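Subject: Structure handover

Hello,

Here is the structure you were going to look at. My notes on it follow below.

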Amino acid sequence: MRLLALVMLVAAVNAKHEIYKGWKSYIVKPESYEQLEKLGSKLLEFELDFVKNAALDREGIVLVKPEYQAGFLKFLSEENISHTVHVEDLKAQFDLEDQEILKQEQRTRSINGGRMPYDNYQPLNVIYEYIDRIAEQYPETVTLVENLRSFEGRPLKYLKISRDNFQSNKPVIFIDGGMHAREWISPPTVTYAIHKLVENLTEPDLLERYDWILFPVANPDGYSFTHTSTRMWRKTRSTDQHALSRQCPGVDGNRNFDFAWNTVGTSNNPCTDTYAGSRPFSEVEVRAVNAVIEEYLDRMLIYITMHSYGSLILYPWGHDGSLSQNALTLHRVGIAMGEAIDNLSLPSFRRYRVGNSLLTIGYGASGAAEDYAHSRGVPLTYTYELPGTGFGTQGFHLNPRYIHQVCIETWGGVVAGARSAASIY
Ligand code: ARG
Ligand code: ZN
């Protein structure tokens with residue numbers, strides 16, 4: 001019986017990545033801005049999936065479907081863009097990585113003694129237990145909000161953290177994570193911020209000066225799906241009226257905000273990873289993030305949305321690469337964040353790069369959270385592309401042994417940004 005169960009499990013694992021049959025991943029390294037832009041301009045045509053964002057003189061990792069490989073390679077050599085094959089057989093690689101994940105998951109996971117472990121990625125229920133427990137244990141400073149439910153009915157939970165229950169009109173810092181389901185390093189950086197503000201407050205000025213809103217898993221359906229089914233899932237799990245939607249569920253949350261919606265770097269096809277949705281804010285998960293922005297619009301000073309990978313801090317405008325009125329301050333505070341992270345980082349990690357979203361990664365995207373919040377008037381809005389991949393393996397995902405490190409240094413970036421902003425505003 002046991003053997004049968006094991007065989008079935010392995011069979012299920014192997015069936016999971018069928019869609020990646022024949023796919024390959026490539027390492028690409030644009031060495032001029034022109035090359036970076038050329039790459040970006042091919043995103044939709046070749047349906048490229050940039051798991052790791054490329055930047056000028058910095059390699060990226062891109063997944064390519066079988067039908068586009070010849071064309072993509074031809075394009076790369078015509079443009080003289082340096083490249084190598086990263087993984088020859090993506091399906092096999094993902095199957096292999098799944099076995100690793102399964103093995104790790106067999107180690108029991110729980111919030112032992114109420115603490116959130118940072119030695120491994122956690123399933124949604126562990127993160128939610130932690131959020132609940134913090135709210136219960138620290139009622140003077142913490143308020144749990146769960147007004148809305150995800151498309152599949154999971155609660156959308158965030159914490160409000162304040163010395164005086166948001167009474168004294170302090171500026172607000174809002175951080176969300178997990179908007180893109182597969183970016184597993186993102187939610188722990190947000191729960192770690194909760195930990196540092198509530199359980200281990202070594203920087204009391206941060207609560208003196210600011211009120212905080214921390215939303216660790218903005219896309220819980222997608223996040224659960226990456227744990228139970230498809231590790232590389234990015235979008236929500238909703239269906240809409242589109243003819244292809246039942247067969248291809250999900251909307252890219254970071255293309256669904258109401259800013260220049262569906263104009264750049266987006267797709268009308270639900271079967272792609274950058275589907276913008278049937279309308280702006282079609283996704284309840286995106287509406288939940290927006291509800292926080294709207295509620296505190298008059299005093300939100302910093303908004304950060306945590307993504308991966310790239311070791312980048314990106315700021316508006318990401319749809320057309322133009323600079324906002326506040327570009328100088330955005331850059332200055334961004335640099336303070338990036339430098340603080342670098343100072344806490346490991347030698348094997350990349351230095352952070354800070355800049356305008358489009359100019360830094362070479363492709364534009366409309367309907368993104370960071371642009372939307374800025375367009376509504378939030379002065380300082382950033383997308384963090386957290387560090388990941390390339391530390392000794394050819395794997396796609398940050399080795400769990402680095403989760404704690406990334407949380408520590410990312411929190412250092414947030415602290416430095418908050419202090420830098422405090423000296424300006
Ligand atoms: N990797 C992120 C994404 O594709 C980058 C978003 C940057 N922001 C922007 N407005 N383009 O969603
Ligand atoms: Zn992302």
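Two residues are in contact if their C-beta atoms, placed from the backbone, lie within 7 Å. Leaving aside neighbours within four places in sequence, Leu214 is in contact with Tyr158, Leu159, Ile161, Ile175, Val190, Ala193 and Ile194.

This is a predicted model, in which local features need pLDDT of at least 70 and side-chain atom pairs count only at pLDDT 80 or more, while totals for chains, interfaces and linings use all residues. Residues are numbered from 1 along each chain as its sequence is written, and chains are lettered from A and ligands numbered from 1 in the order in which they are written.

Is Glu385 buried or exposed? Glu385 is buried because 25 other C-beta atoms lie within 10 Å (buried means 20 or more such atoms, exposed 12 or fewer, partly exposed in between, with C-beta atoms placed from the backbone). Again leaving aside neighbours within four places in sequence, the contacts of Glu385 include Asn53, His307 and Leu314.

Glu385 lies in strand 12 (residues 380-386); strands (E, at least two residues) and helices (H or I, at least four) are DSSP runs, numbered from the N terminus.

Strand 3 (residues 60-64) is largely enclosed by the rest of the structure, because five of its five residues are buried. Gly60, Val62 and Val64 point one way from strand 3, and Ile61 and Leu63 the other way.

Regards
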